[in-house]
Amino acid sequence: VQSSLKYNGLRYEVELPWKNDGRPMEGSYGMALKRWYLLQKQLNKDSELIIKYNDIMEDYLRKDYIRLVQPPEMNLRSWYIPTFITNSSKKLRIVFDCAAKVQNESLNTHLFTGPDLISPLIGVLFRFRERPIAVTADIREMYHQISIHPEDRKFQRFLWKRDPTSKSPEAYEANG
């Protein structure tokens with residue numbers, strides 16, 4: 001993966017860390033579509049939620065984090081990731097569920113995992129006793145700051161209905 005890292009003028013670009021050059025099998029579209037309809041039921045119960053959800057997606061489009069997949073590209077071997085939301089009192093977050101399985105396979109089963117960088121809570125608490133000042137950081141949009149290699153983008157597709165009057169969702173994919 002490190003050998004695939006390059007700077008494209010705007011962001012760093014990297015290939016996905018595939019295990020044994022394996023790619024996920026096809027067949028995730030049906031699962032993602034079913035999950036999309038469940039999400040729509042949840043969003044339709046609260047008009048504020050659907051506005052917030054669409055605002056986030058529109059922001060991703062404006063920032064070039066995602067793009068609409070054109071019909072000729074739909075036939076390419078790809079993987080669809082379902083989305084769900086977490087809604088705390090502070091902010092709505094869209095979660096891309098790379099662990100969603102189809103026939104016991106998910107995108108995550110085909111990718112290497114990185115190291116666990118989360119500090120144990122006990123260590124964090126002890127450090128509060130060592131120094132008088134604590135510093136925190138916001139990692140908002142952190143994952144979107146790394147661009148995905150163009151060959152791997154088709155494995156990070158998801159469904160979204162930009163036009164509320166259309167009957168079915170359109171396919172989008174991650175740019176970075």
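Predicted model: local features only at pLDDT ≥ 70, side-chain atom pairs only at ≥ 80, totals over all residues.
Local features need pLDDT of at least 70 and side-chain atom pairs pLDDT 80 or more, while totals for chains, interfaces and linings use all residues. Residues are numbered from 1 along each chain as its sequence is written, and side-chain values use heavy atoms, without hydrogens and water.

Me: How far does helix H1 reach from its first C-alpha to its last?
Reply: Helices here are DSSP runs of H or I with at least four residues, and strands are runs of E with at least two, numbered from the N terminus. The expected span of a helix is 1.5 Å times one less than its number of residues. H1 covers residues 28-44, 17 residues, and its reach is close to the expected 24 Å. The value is 24 Å.

Me: Which residues of H1 are buried?
Reply: Buried means under 20% relative accessible area (exposed is over 50%, partly exposed in between; 1.4 Å probe, protein chains only). The cover over these residues includes helix H2 (47-62), strand E4 (83-87) and strand E7 (157-160). The buried residues are Ser 28, Met 31, Ala 32, Trp 36, Leu 39, Gln 40 and Leu 43.

Me: Which element gives the most to the lining of the largest pocket?
Reply: H2, strand E5 (92-96) and strand E6 (146-148) each supply at least two lining residues. The most, 5 residues, comes from E5.

Me: Is Glu 13 buried or exposed?
Reply: Glu 13 is found in strand E2 (residues 12-14). Beyond its neighbours within four places in sequence, its contacts (heavy atoms within 4.5 Å) include Lys 6, His 149 and Arg 153. Its relative accessible area is 7%, so Glu 13 is buried.

Me: What kind of aromatic pair do Trp 160 and Tyr 172 form?
Reply: Rings of Phe, Tyr and Trp (its six-membered ring) pair if their centres lie within 6.5 Å; planes under 30 degrees apart count as stacked, over 60 as edge-to-face and the rest as tilted. Trp 160 is buried at 1% relative accessible area, and Tyr 172 is buried at 1% as well. With 5.1 Å centre to centre and 50° between the planes, the pair is tilted.

Me: Which residues do ring pairs link into a cluster?
Reply: Trp 160 lies in strand E7 and Tyr 172 in strand E8 (residues 170-174), so their pair ties together parts 12 residues apart in sequence. The cluster consists of Phe 96, Phe 158, Trp 160 and Tyr 172.
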